[in-house]
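Hi everyone, thanks for coming. Let's take a look at this one together, step by step. Please have the sequence and the picture open while I talk.

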Amino acid sequence: MNTVDAKRVLETALICAPQPTTLRELRTLFNDALGSDTLKLLLLELQQEWAQRGVELVQVASGWRFQSRPEMREYLDRLHPEKPPRYTRATLETLAIIAYRQPVTRGDIEEIRGVTVNSLIIKQLEDRGWVEVIGHRETVGRPALFATTRQFLDDLGLKSLDELPMLENPAVQSSVLEALERGAAEAGAGAGAGAEPQDAGPAEEGAEADAAALPDPAPSAAGDPVPAPDPEHEPGPESGPEPEPRRPEPPASSESTP
């Protein structure tokens, strides 16, 4: 099979795939006649060929997929104007702490945020497939250790935690939660509606309770401390989320680990 035909096969399979496709799965298209290195080169060429189109080929944690470009969102919204609920500030802060400090316990999260973490927030993140229990800390009570999943990376369009933005200065720190919020809203369009859980304890007073109060990052963390929560955002659910990027519709004759 020549290069042109091989890329056509890859292109068709990826457009029709409901989930990101791994290199191992793509090799089965060619009965393992093409190695992983050859497939990577073909995928990169295919990625370049789609560079000027409204749909892009990207690699995420679970494999390769086609998706709409962010600048196409406003036009696609006109076809599907329904809006998914946004995640509250408390939920996003909890998610950010887990992402940057994993593995962490619920006690770690409460110490960093300065408030009691509502169990419904953890459950919401687990139900969404963004966090999971990966073990227990060997201390009194053996508390569960939480970490992010491949689904979390896939939904934010990341290949690894190393691609999370580094928190090197206050300006970047203040924008991280906004970036997580945008990514969560895009990925959570089908997550369902409903009110967001609230924190059980009082929020911190003032913006001084900032990243300086956070512990040293874990060895597996991808950046520096997350910003302290904003008490103005604690009460109640937010509204007006952004929709998720659309995948191209598969042809009529064809058909989803962060």
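Before anything else, one definition: a residue is buried under 20% relative accessible area, exposed over 50%, and partly exposed in between, using a 1.4 Å probe and protein chains only. A word on where this comes from: it is a predicted model, where local features need pLDDT of at least 70, side-chain atom pairs count only at pLDDT 80 or more, and totals for chains, interfaces and linings use all residues. Residues are numbered from 1 along each chain as its sequence is written, and side-chain values use heavy atoms, with hydrogens and water left out.

Asn31 is exposed, with a relative accessible area of 71%. You can find Asn31 in the loop between helix H2 (23-27) and helix H3 (36-49). Helices here are DSSP runs of H or I with at least four residues, strands are runs of E with at least two, and both are numbered from the N terminus. The phi of Asn31 is near 55 degrees, which is positive although the residue is not glycine. Arg142 also has a positive phi without being glycine, near 40 degrees. Look for Arg142 in the loop between strand S3 (131-136) and strand S4 (144-148); Arg142 is partly exposed, at 41% relative accessible area. Why point these out? Because most residues other than glycine have a negative phi, and most peptide bonds are trans.

The one from Gln102 to Pro103 is cis, with omega near -5 degrees. Pro103 sits in the loop between H5 and H6.

Now the overall layout. How many helices and strands are there in the protein chain? There are 9 helices and 4 strands. Starting at the N terminus, the order is α-α-α-β-β-α-α-α-α-β-β-α-α. The protein chain has 258 residues, and 44% of them count as buried.

Next, let's see how some helices pack. Helix H5 (residues 89-101) and helix H7 (residues 119-127) have axes that come within 10 Å and cross at roughly 65 degrees. Axes are lines fitted to C-alpha atoms, for helices over the stretch in contact, and angles run from 0 to 180 degrees between N-to-C directions. So H5 is roughly perpendicular to H7, the word used for 65 to 115 degrees, while under 35 is roughly parallel, over 145 roughly antiparallel, and the rest oblique.

Which residues of H5 and H7 make the contact? From H5 they are Ala90, Thr91, Thr94, Leu95 and Ile98, and from H7 they are Ile121, Ile122, Gln124 and Leu125. Contact means heavy atoms within 4.5 Å. These residues split into 6 nonpolar, 3 polar and no charged. Here Ala, Val, Leu, Ile, Met, Phe, Trp, Tyr, Cys and Pro count as nonpolar, Asp, Glu, Lys and Arg as charged, and the others, Gly among them, as polar.

H5 has another partner. H5 and H6 pack at an angle of about 115 degrees, with axes 10 Å apart, and this crossing is right-handed too. H5 brings Ala90, Glu93, Thr94, Ile97, Ile98 and Arg101 to the contact, and H6 brings Ile109, Ile112 and Arg113. This time the division is 5 nonpolar, 1 polar and 3 charged.

Let's go inside. A nonpolar core is a set of buried Ala, Val, Leu, Ile, Met, Phe, Trp, Tyr and Cys residues joined through side-chain atoms within 4.5 Å. The largest one has 24 residues, and those with the most contacts inside it are Ile98, Ile109, Leu125, Trp130 and Phe152. Two or more residues come from each of H5, helix H6 (106-113), H7 and helix H8 (150-155), and H5 gives the most, with 7. A second, separate core of 17 residues includes Leu14, Leu26, Leu43 and Trp64.

Is Val131 buried or exposed? Val131 is buried, with a relative accessible area of 3%. Leaving aside neighbours within four places in sequence, the contacts of Val131 include Leu95, Ile98, Ile122 and Leu125. The C-alpha atoms of Val131 and Thr149 are 5.5 Å apart, although the two residues are 18 places apart along the chain.

Definitions and conventions:
A crossing is left-handed if the near helix is turned anticlockwise from the far one by less than a right angle, and right-handed if clockwise.
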